[in-house]
Amino acid sequence: MSFELPPLEELLANSHVVRLPMRVRFRGVTQREALLINGPAGWGEFSAFTEYKPAEAARWLAAGIEAAYQPFPEPLRTSIPVNATLPAVDAKDVGAVLERYDAPHTIKIKVAEKGQDLAQDLARVAETRRLYPQAALRVDANMGWDINQAVQALKALSQYQLQYAEQPVPGITGLAEVREQLRNAGNPLKIAADEAVRKHTDPLEVSRLGAADLMIIKAQPLGGIDAVLEIAKQAELDVVVSSALDTSVGLAQAAALASALPQLPYACGLSTATLFANDICAQPLLATAGYLPVRRVEPDHQKLETLRPREDRVQWWMKRLENCYAELTRG
Ligand SMILES: O=C(O)CCC(=O)c1ccccc1C(=O)O
Ligand SMILES: [Mg+2]
């Protein structure tokens, strides 16, 4: 961080814990909890998923502190092209979920969900293609396949014209292997690395090894805007900014990151506010015709009250802030 870490007491005193209901279950989550920090530069978000340990969650905290204490970078664009995000719902529900997005030009579809099979993925993607014949479609397997399953599934899904496939299998060499096998079979489908970037000790290894065609970069999991701009600068692959299922506060930071990237060849995964049944501000950061505005957001005082969870959850987050802060001071 290019600014002083503020005192812990100051952070605790200016933190607000919220719990947002989701419209559709997403990565096993139906209630999204976040700690929001009110700082001199604006609001920041700390919302590492609850199962993450302090060493990993500390990067999310660094991002939240950065947003609260440092101005956003000079934007190179005032709005960001974004994709709609479709959870792994039944094919019959695809229309209703996507109707909540305003005229999407790009749609990311979750596939390989635990407990589901390829037939369900094919039906979901087919229905999306039927309803949005002109849209760019991409899939995200969140490492849900092994290499053989991934190659088979992606060959079959390719009939619906995919823009790319995100993290079909775990690991970095796994991605390279799937990509290679598809190419050897005459299928040039692009492969995007997500978990292989944000959960790896070196986020640039994917790029160095040429294991994928593009990299997903996320503001919170990778430690904030400055850290991610540096990663993007050193990466030799195209980058796509995506959300971490943040509230509008975290999305504003991610949009600011996307606004400062010299190249933005793909729509970003930042229209996830649509997945919430309620958000912390009166005007949530929502996309219009597939474009998200770049701006700071201000939580609504009333909503901070009504969306505050039970006291034990508030205390759990305050304690977590403390533990992650200790990680940051350890350096
Ligand atoms: O990229 C998007 O369209 C939305 C964000 C998203 O999918 C996501 C959100 C939270 C955690 C993980 C992921 C993911 O990309 O795997
Ligand atoms: Mg992903």
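1. Two residues are in contact here if their C-beta atoms, placed from the backbone, lie within 7 Å. Keep in mind that this is a predicted model, where local features need pLDDT of at least 70, side-chain atom pairs count only at pLDDT 80 or more, and totals for chains, interfaces and linings use all residues. Residues are numbered from 1 along each chain as its sequence is written, and ligands are numbered from 1 in the order in which they are written.

2. Start with H5 (residues 147–157) and H6 (residues 172–184), whose axes sit 10 Å apart at an angle of about 40 degrees. Axes are lines fitted to C-alpha atoms, for helices over the stretch in contact, with angles running from 0 to 180 degrees between N-to-C directions. Helices (H or I, at least four residues) and strands (E, at least two) are DSSP runs, numbered from the N terminus.

3. On the H5 side, Ile 147, Ala 150, Val 151 and Leu 154 meet Gly 174, Glu 177, Val 178, Gln 181 and Leu 182 of H6.

4. H5 also has buried residues: Ala 150, Val 151, Ala 153, Leu 154 and Leu 157. Buried means that 20 or more other C-beta atoms lie within 10 Å of the residue's own, C-beta atoms being placed from the backbone. Their cover includes helix H4 (118–131), strand E7 (136–140), strand E8 (162–166) and H6.

5. Now look at H2 (residues 54–69) and H12 (residues 311–330): their axes come within 8 Å and cross at roughly 90 degrees. In H2, the residues meeting H12 include Pro 54, Leu 61 and Ala 62; among their H12 partners are Arg 320, Tyr 325 and Leu 328.

Technical notes: A residue is buried if 20 or more other C-beta atoms lie within 10 Å of its own, exposed if 12 or fewer, and partly exposed in between; C-beta atoms are placed from the backbone.
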